[in-house]
Amino acid sequence: MVGSLDFSLLRDLFSILLLQVSMWGSESFLVISPSEPIVAMLGTDTVLPCHVSPAMNVESMELRWFRSQFSEAVYVYKDGMEQAEEQLVDFKGRAELVKDYITEGRVAVRIYSLQISDNGMYKCFFKKDSDFEEATLELKVIGLGSGPHVFMVGPEDKGIRLTCTGKGWFPQPEIKWTDATGEKIPSLSEDETQDDDGLFQIEASLIVRDTSKTKVSCSMKNPFFGQEQVETISIPESLEKELVGRKQLYQQDWKKANLYADWRKEQFKAVAVTLDPDSAHPNLIISENRKQVSLMENVPQNCDGSVYQGQEESEAVFNVLGQNYFRTGRHYWEVEVNIGTEAGPETEWAVGVCSDTVIRDKWFVECPEKNFWAIGYKKGEVKVPTFSKSLSLRQHPQRIGVFLDWEDGDVSFYNMVDGSHIYSFTGITFYGTLCPYFSLQGVGTSVTVC
């Protein structure tokens with residue numbers, strides 16, 4: 001029995017020895033990368049290091065850094081030289097091999113002038129003959145933008161609206177409002193967009209009604225880097241007195257001030273607009289209370305309404321009028337526009353006023369020359385149909401105030417969420433009767449009269 005055990009032990013030891021000899025002969029190795037993300041600032045240079053274990057000369061190996069796919073090469077080293085033809089266009093001229101310690105198995109790829117698109121996961125791949133190994137790295141590109149900038153927009157809902165803006169951030173920063181004691185104040189709204197370079201532009205708002213809050217701070221913090229930037233604004237101690245003073249100045253010349261939508265409403269008569277089913281395009285659905293219009297399902301969409309010469313007979317503007325008619329006076333109403341969750345290039349809407357005698361059959365242009373005074377959303381931008389240039393707005397409006405001043409010949413539009421002015425048609429000479437106008441296109445699009 002003892003002899004049998006000794007033989008079994010010797011056999012196991014011999015097997016282990018053979019395995020080790022085999023490993024030494026094939027120079028098996030592991031590729032090791034940093035366990036923590038590599039954090040680097042936008043526009044700077046950084047390195048993506050990898051090394052082999054055990055240490056060995058890797059000059060004769062194929063070395064490759066790539067993104068999610070093997071073919072998405074950031075840098076390729078093979079046969080002792082760079083293989084530029086396999087490199088992604090984005091990295092040509094921006095990536096090089098750092099090989100000061102290549103004989104010890106430690107190498108890295110340096111990437112110059114970091115871009116937002118460089119953010120994410122990478123793999124380094126080492127191959128010797130038929131043996132290969134790879135490791136994963138994570139690069140976090142950080143953009144510390146400008147801001148925050150805090151300013152008073154104006155009076156709203158028995159308080160003062162404050163807005164905090166910033167741009168050039170990546171990733172999206174964390175925004176926080178605090179009072180003088182450090183107590184957090186919840187935002188009323190937050191809106192973020194990304195520019196063509198992938199950088200975030202941020203706008204947050206709140207309304208201060210508490211007269212004891214004389215100082216309010218807005219901070220923006222990068223969630224990865226942890227760096228925080230803060231700006232503080234002082235609010236007049238006598239908030240109520242300040243509001244009264246501002247309102248008196250506004251009322252003296254409100255017609256020239258494209259500000260303070262809430263105060264502007266006091267100069268106009270609120271209208272309870274309802275939709276006229278008899279005027280609606282057959283592809284539209286009018287709600288039972290005549291306050292909402294939406295599009296029927298499976299309705300063919302116009303691909304590009306801006307090309308109106310040679311327009312097909314089947315194409316049309318899906319529109320409806322309000323049942324309210326105006327021949328004099330100042331009137332206003334509010335509408336909410338919803339483009340749904342699957343907004344595409346065919347998504348459009350328009351709101352405004354028109355003459356009750358306009359021709360609305362098939363396809364037409366919603367312009368003043370045709371007695372339409374409206375703003376609209378098209379191809380992801382808010383525009384005026386009279387010209388193709390997009391309006392420069394802080395955010396796309398979702399709740400819109402329409403202000404009609406018959407005697408002064410003015411139709412103005414305001415974003416009723418933040419009180420900002422959108423656009424005004426001025427110097428108009430109206431004839432006949434005017435009525436509210438609405439049009440929409442695109443799956444999930446709807447307009448609701450408030």
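Student: Which residues are linked in a network of salt bridges?

Tutor: Glu 62, Arg 64, Lys 78 and Glu 86 are. Quick background: this is a predicted model, where local features need pLDDT of at least 70, side-chain atom pairs count only at pLDDT 80 or more, and totals for chains, interfaces and linings use all residues. Residues are numbered from 1 along each chain as its sequence is written, and side-chain values use heavy atoms, leaving out hydrogens and water.

Student: What makes Lys 221 and Glu 174 a salt bridge?

Tutor: The term asks for a side-chain nitrogen of Lys or Arg within 4 Å of a carboxyl oxygen of Asp or Glu.

Student: Which partners does Arg 399 have?

Tutor: Glu 334, at 2.7 Å from N to O, and Glu 336, with the closest N and O atoms 2.8 Å apart. Arg 399 sits in strand S28 and Glu 336 in strand S23, 63 residues apart.

Student: Why is Glu 334 called buried?

Tutor: Buried means under 20% relative accessible area, exposed over 50%, and partly exposed in between (1.4 Å probe, protein chains only). Glu 334 has 11%, so it counts as buried.

Student: And what does Glu 336 count as?

Tutor: Its relative accessibility is 36%, so Glu 336 counts as partly exposed.

Key: Helices (H or I, at least four residues) and strands (E, at least two) are DSSP runs, numbered from the N terminus.
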